[in-house]
Amino acid sequence: DSERSTIVNPNEVIQLLLFIRGTTLHHSRISNEHKDALNILLDALRLTIPKFQIHDFKLYNYSYIELRILLLLSVLVAEDENYEIEISTKILYFILERLSINSTSRYIDPLIVKIYSNLAYNYHIQDNQKKVIEISNIGIAYCLDHETIHSLFLLYYRKGIAEYKLDQKNYLESLYYSFFMLKMTNQQDLLDVYLEVTRQKYNIDVPILSLDLITHSQIQK
């Protein structure tokens with residue numbers, strides 16, 4: 001009906017714009033911009049949940065976009081010295097529970113995988129390597145079951161580093177899977193970064209030639 005009009009909530013439009021701005025600042029390498037991102041995301045949530053407080057996150061009902069904002073907020077909380085990392089982890093489990101209630105979709109699956117990768121990272125920060133492996137395995141199984149490679153390389157990477165820290169011999173296999181995913185998806189710049197970080201931070205040298213051979217073998221098949 002041409003006479004029907006669409007009602008748009010201005011706060012939701014502004015909220016989306018703030019979310020985009022917060023996401024941009026989150027990807028910055030400047031720590032001050034991360035703090036700005038956290039404040040921007042808090043402002044975004046308070047447009048539709050005026051009394052929102054991080055420690056009371058369980059008290060509110062969330063729309064899909066609000067859950068997206070809350071997810072990014074949990075990542076920033078984990079990086080902020082003003083908050084305990086357990087708050088971030090609790091938020092992630094809360095969002096995972098909410099999303100799991102819904103049927104899976106191409107919108108929900110990437111978020112669930114992202115939650116698993118961030119949970120693995122939180123446990124990595126806390127040096128709880130057994131939990132890193134447990135969460136990574138759950139995330140990897142989810143990716144395989146739902147035929148998605150979204151953030152799969154991150155899960156294999158976290159698993160590999162945790163196995164290395166626990167002196168498990170198969171750590172290199174997990175790292176190969178991680179780097180192979182980046183190689184196959186043509187993310188060479190990101191692969192170079194991860195190779196260098198792995199070399200500098202963990203003194204693990206993954207030969208590029210081996211990745212090239214694996215890639216060539218897969219293509220031949």
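In what order do the elements of the protein chain run from the N terminus on? They run α-α-α-α-α-α-α-α-α-α, in a predicted model in which local features need pLDDT of at least 70 and side-chain atom pairs count only at pLDDT 80 or more, while totals for chains, interfaces and linings use all residues. Residues are numbered from 1 along each chain as its sequence is written, and side-chain values use heavy atoms, with hydrogens and water left out.

**View 1. Overall architecture of the protein chain.** The protein chain holds 10 helices and zero strands, where helices (H or I, at least four residues) and strands (E, at least two) are DSSP runs numbered from the N terminus. Of its 221 residues, 43% count as buried, meaning under 20% relative accessible area with a 1.4 Å probe and protein chains only, as against over 50% for exposed and in between for partly exposed. Among contacts (heavy atoms within 4.5 Å) between residues at least 6 apart in sequence, 59% join residues at least 24 apart.

**View 2. Packing of helix α5 with helix α6.** The two helices pack at an angle of about 165°, with their axes 8 Å apart; axes are lines fitted to C-alpha atoms, for helices over the stretch in contact, and angles run from 0 to 180 degrees between N-to-C directions. Helices α5 and α6 are therefore roughly antiparallel to each other, a term for angles over 145 degrees, with under 35 counted as roughly parallel, 65 to 115 as roughly perpendicular and the rest as oblique. Their crossing is left-handed, that is, the near helix is turned anticlockwise from the far one by less than a right angle. On the α5 side the contact is made by D109, I112, V113, Y116, L119, A120, Y123 and H124, and on the α6 side by Q129, K131, V132, I135, S136, I138, G139, Y142 and C143. These residues divide into 11 nonpolar, four polar and two charged, with Ala, Val, Leu, Ile, Met, Phe, Trp, Tyr, Cys and Pro counted as nonpolar, Asp, Glu, Lys and Arg as charged, and the others, Gly among them, as polar.

**View 3. Packing of helix α6 with helix α7.** Helix α6 (residues 129–145) meets helix α7 (residues 152–165) at an angle of about 150°, and their axes lie 9 Å apart, which makes α6 roughly antiparallel to α7. Helix α6 passes α7 in a left-handed crossing. Helix α6 contributes Q129, V132, I133, S136, N137, G139, I140 and C143 to the contact, and α7 contributes L152, L155, Y156, R158, K159, A162, E163 and K165. By class, this contact has eight nonpolar, four polar and four charged residues.

**View 4. Aromatic pairing around F52 and Y60.** The count comes to 10 aromatic pairs, taking rings of Phe, Tyr and Trp (its six-membered ring) as paired if their centres lie within 6.5 Å, with planes under 30 degrees apart counted as stacked, over 60 as edge-to-face and the rest as tilted. F52 and Y60 form a tilted pair, 5.4 Å centre to centre with 45° between the planes, and both residues are buried. Ring pairs link F52, F57, Y60, Y62 and F94 into a cluster.

View 5. T89 lies in helix α4 (residues 85–101) and is buried, with a relative accessible area of 9%. Leaving aside residues up to four places away in sequence, T89 touches L119, N122 and Y123. I108 belongs to helix α5 (residues 108–125) and counts as buried at 6% relative accessibility. Although I108 and Y64 are 44 residues apart in sequence, they are 9.4 Å apart in space, C-alpha to C-alpha.
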